[in-house]
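Please keep the viewer open as you read.

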Amino acid sequence: MKARGAVLSRRIAHAATVSDWGSLHVGERIEIIKHAHVIAAGEVEEISRSGNVLWLICGGAHESQLFMKSDGVQVRRV
């Protein structure tokens, strides 16, 4: 039973929102959330030095989308 609790705890921690966008890595899979809805998902293309802006490559498209913390979006690792 202990192992199952540990696995669930890690799963919950992994699904938690990322407050420090600077901790993300290029190529990492994430979801962008706004008002409790996933509005985009894909791979991190680039993160600004300040950690307040990121570019996301969505669903196999070769175009990237820009997201800013100031827009009120949250990031969650997938």
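## Starting point: Ile 57

In which strand is Ile 57 found? Ile 57 is found in strand β4, where strands (E, at least two residues) and helices (H or I, at least four) are DSSP runs numbered from the N terminus. This is a predicted model, in which local features need pLDDT of at least 70 and side-chain atom pairs count only at pLDDT 80 or more, while totals for chains, interfaces and linings use all residues. Residues are numbered from 1 along each chain as its sequence is written, and side-chain values use heavy atoms, with hydrogens and water left out.

Ile 57 is partly exposed, at a relative accessible area of 28%; buried means under 20%, exposed over 50%, and partly exposed in between (1.4 Å probe, protein chains only). Setting aside neighbours within four places in sequence, Ile 57 is in contact with Ala 41, Gly 42, Glu 43, Glu 45, Glu 63 and Ser 64, a contact being heavy atoms within 4.5 Å. Arg 29 lies 28 residues away from Ile 57 along the chain, and their C-alpha atoms are separated by 9.5 Å.

## The chain as a whole

The protein chain holds one helix and six strands, in the sequence pattern α-β-β-β-β-β-β. Of its 78 residues, 27% count as buried. Among contacts with a separation of 6 or more, 45% join residues 24 or more positions apart.

The six strands form an open sheet in the order β1-β6-β2-β3-β4-β5, with antiparallel pairing; two strands pair if DSSP finds at least two bridges between them. β1 (17-18) and β5 (64-68) stand at the edges with a single partner strand each, so one side of each has no neighbour in the sheet.

Elsewhere, β3 and β4 are joined by five bridges, and the partner of Glu 43 in β4 is Ile 57. The β3-β4 hairpin has five residues between its strands, and there Gly 51 takes a positive phi near 75 degrees. β4 also pairs with β5 over five bridges, with Gln 65 in β5 as the bridge partner of Leu 56.

In soluble globular proteins, nonpolar side chains tend to be buried together. Here the largest nonpolar core has 14 residues, and those with the most contacts inside it are Leu 24, Ile 30, Ile 32, Leu 54, Leu 56, Phe 67 and Val 75. β2 (29-34), β3 (37-47) and β4 (53-58) each supply at least two residues of this core. Such a core is a set of buried Ala, Val, Leu, Ile, Met, Phe, Trp, Tyr and Cys residues joined through side-chain atoms within 4.5 Å.

Beyond residues up to four places away in sequence, Ile 32 touches several residues, including Leu 54, Leu 56, Phe 67 and Val 75.

## A buried glutamate

The side chains of Glu 31 and Arg 76 are joined by a polar contact of 2.5 Å. A polar contact is a pair of N or O atoms within 3.5 Å; within protein, one must be able to donate a hydrogen and the other to accept it, and residues adjacent in sequence count only if both atoms are side-chain atoms.
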